[in-house]
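Take a look at the structure below. This report goes through it part by part, with a few questions along the way.

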Amino acid sequence: MYQTHKTYITSGMKMSDLIIENPSLLFLLEHFEVDFAVKDKTVEQLCTENKIDLPVFLIFGNLYNGFYPDEKEIAELNDISTIIRFLKNSHRFYKHDKYPELKYFIGQLHEKHNTEDILLIERFFNEYFEEVLEHLDYEESVAFPYICRLIEKGRIEQKNDFSANEYSDHHTDIETKLTDLKNLLLKHISLKNDFSLRRKFLFSLFELEFDLNIHSLIEEKILLPLVGKIETRAANG
Amino acid sequence: MDKTRIYIAILEPSQIIVEGLSNMLMKLKKNFHIFRFNDLEELRNSSAIAHFQIAVINPSAIQNRIADFVKLKNNHTQILWVALVYSFFDDEVIRKFDDTLLITAAPDQIARKLGQINTATDRDQHEDLSDREIEVLSQLVKGLSNKEIADKLNISIHTVISHRKNINEKTGIKSLSGLTIYAITKKIIPLDSITD
């Protein structure tokens with residue numbers, strides 16, 4: 001692989017150029033509910049039209065392009081509701097799009113190769129999917145409502161079961177198993193034929209992994225520190 | 001992370017120089033993975049920064065930002081910081097680097113310089129587990145703890161942990177359920193040994 005260029009996204013750049021350079025930015029648009037037909041609009045124009053906080057969009061977009069924000073940039077963000085909206089849409093994408101797609105591919109594989117290995121992979125995946133659903137459910141029913149109440153009222157009510165550490169433990173576990181699945185298929189389990197099906201499955205897995213990594217980063221390195229700041233302010237105020 | 005790969009960052013404004021240097025490096029037939037950056041900021045914020053082993057930098061990029069550069073360098077001591085020199089630069093600036101590369105250098109000189117970087121050998125990447133590792137793995141997937149495995153195989157817990165680390169690295173699999181699948185597909189344990 002020979003990669004000499006990565007673009008650092010700024011507000012005046014044309015969105016279509018950026019997508020052509022890095023098609024993964026389509027995930028970014030989808031999670032922000034921005035239509036793919038971006039015409040000749042710049043990043044800033046799209047944000048204004050779709051009522052998306054520009055600094056949040058730039059930081060997230062640059063994550064997809066491979067750049068970490070520094071602490072100062074994160075600390076300057078003040079639109080947490082845009083972040084939550086993005087995360088909720090990503091959840092919808094995992095639950096109703098990505099995982100069902102992967103499940104379908106595995107099912108097809110199993111149908112064609114009725115072997116022990118594939119049976120085990122299918123079982124591994126199903127258990128894994130259950131875990132992911134549990135975590136997404138935790139975020140939606142505990143973490144997000146807590147954060148929304150915090151922003152709305154500016155003070156800490158009941159903390160419920162919300163815990164930043166638990167959050168990041170879940171993520172590590174989810175990412176580890178995904179890597180395991182990838183390595184099992186690439187290194188250890190050999191199948192004859194069915195290139196097309198396996199390719200689709202693997203590509204789909206890579207896409208999920210890519211998006212999930214950014215998702216965890218946003219939650220752990222951006223959302224949680226911002227929430228921590230509001231909590232401190234609320235506790236002192 | 002693929003250990004046979006060497007990640008190189010090039011921070012150099014001239015596209016021609018970057019392309020030329022990259023091509024030259026690729027032809028050394030080492031497993032180089034090259035990234036280009038436009039300024040120090042971009043390099044510092046790169047998500048790949050922890051993986052880089054070599055950074056080739058035009059000193060003009062750090063000339064007015066020596067403090068920032070030194071800070072970055074101290075934060076990433078795993079990187080060999082190389083100045084790419086093709087015009088006169090203040091010795092003060094050059095001395096901040098670990099090494100220098102002259103633009104007039106021949107490919108083999110470059111190879112010698114960058115060859116200081118150690119990569120994992122093919123042997124390290126070999127997937128096959130040793131007999132001892134297989135024994136540890138088969139106990140592990142039965143649900144035994146480190147302590148129980150140590151007692152059973154008559155080795156120290158420390159040794160068990162070190163075997164587990166090797167198993168994870170060689171197979172690329174970390175979760176217990178993933179290792180179980182591995183053990184079954186490699187016929188280390190029979191399928192019927194696991195219960196639902």
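## The domains of chain A

Start with chain A. Its domain assignment gives domain 1 (15-75) and domain 2 (87-236). This is a predicted model. The C-alpha centres of domain 1 and domain 2 of chain A are 22 Å apart.

How many residues does each domain of chain A put into the contact? Domain 1 of chain A supplies nine residues, and domain 2 of chain A supplies ten residues. Now take the side of domain 1 of chain A that touches domain 2 of chain A. The elements giving two or more residues to this side are α2 (25-31) and α4 (54-64) of chain A. By class, the residues on this side are five nonpolar, two polar and two charged.

## A loop residue in chain A

K51(A) sits in the loop between α3 (43-49) and α4 of chain A. The phi of K51(A) is near 55 degrees. That is a positive value, and K51(A) is a residue other than glycine.

Is K51(A) buried or exposed? Within 10 Å of K51(A) there are 9 other C-beta atoms. A residue counts as exposed at 12 or fewer, so K51(A) is exposed.

## Where chain A meets chain B

Next comes the contact between the chains. Here 24 residues of chain A are in contact with 25 residues of chain B. Which helices of chain A each supply at least two residues of the side that touches chain B? They are α7 (116-153) and α8 (164-188) of chain A. The most comes from α8(A), with seven residues.

## Chain B as a whole

Chain B contains ten helices and five strands. There are 196 residues in chain B, and 27% of them are buried. Consider the contacts in chain B between residues at least 6 apart in sequence. Of these, 65% join residues at least 24 apart.

Chain B is also divided into domains: domain 1 (6-122) and domain 2 (127-193). The C-alpha centres of these two domains of chain B lie 41 Å apart.

## The sheet of chain B

Strands of a sheet pair through backbone hydrogen bonds, in either a parallel or an antiparallel way. In what order do the five strands of the open sheet in chain B run? The order is β2-β1-β3-β4-β5, and the pairing is parallel. At the edges are β2 (32-37) and β5 (99-102) of chain B, each pairing on one side only. From one strand to the next, the twist averages 25 degrees.

Look at one pair in detail. Strand β4 (residues 80-85) of chain B pairs with β5(B) in the parallel sense, over four bridges. V85(B) stands opposite L102(B), which is in β5(B).

## A loop residue in chain B

N154(B) lies in the loop between α8 (146-153) and α9 (157-171) of chain B.

Why does N154(B) count as exposed? N154(B) has 7 C-beta neighbours inside 10 Å. The cut-off for exposed is 12 or fewer, so N154(B) counts as exposed.

Terms used
Residues numbered from 1 in each chain as written. Chains lettered and ligands numbered in written order. Predicted model: local features only at pLDDT ≥ 70, side-chain atom pairs only at ≥ 80, totals over all residues. Contact = placed C-beta atoms within 7 Å. Pairing = 2+ DSSP bridges. Axes fitted to C-alpha atoms, helices over the stretch in contact; angles between N-to-C directions. Domains from an automatic or database assignment. Nonpolar A, V, L, I, M, F, W, Y, C, P; charged D, E, K, R; others polar. Buried ≥ 20, exposed ≤ 12 C-beta atoms within 10 Å, placed from the backbone.
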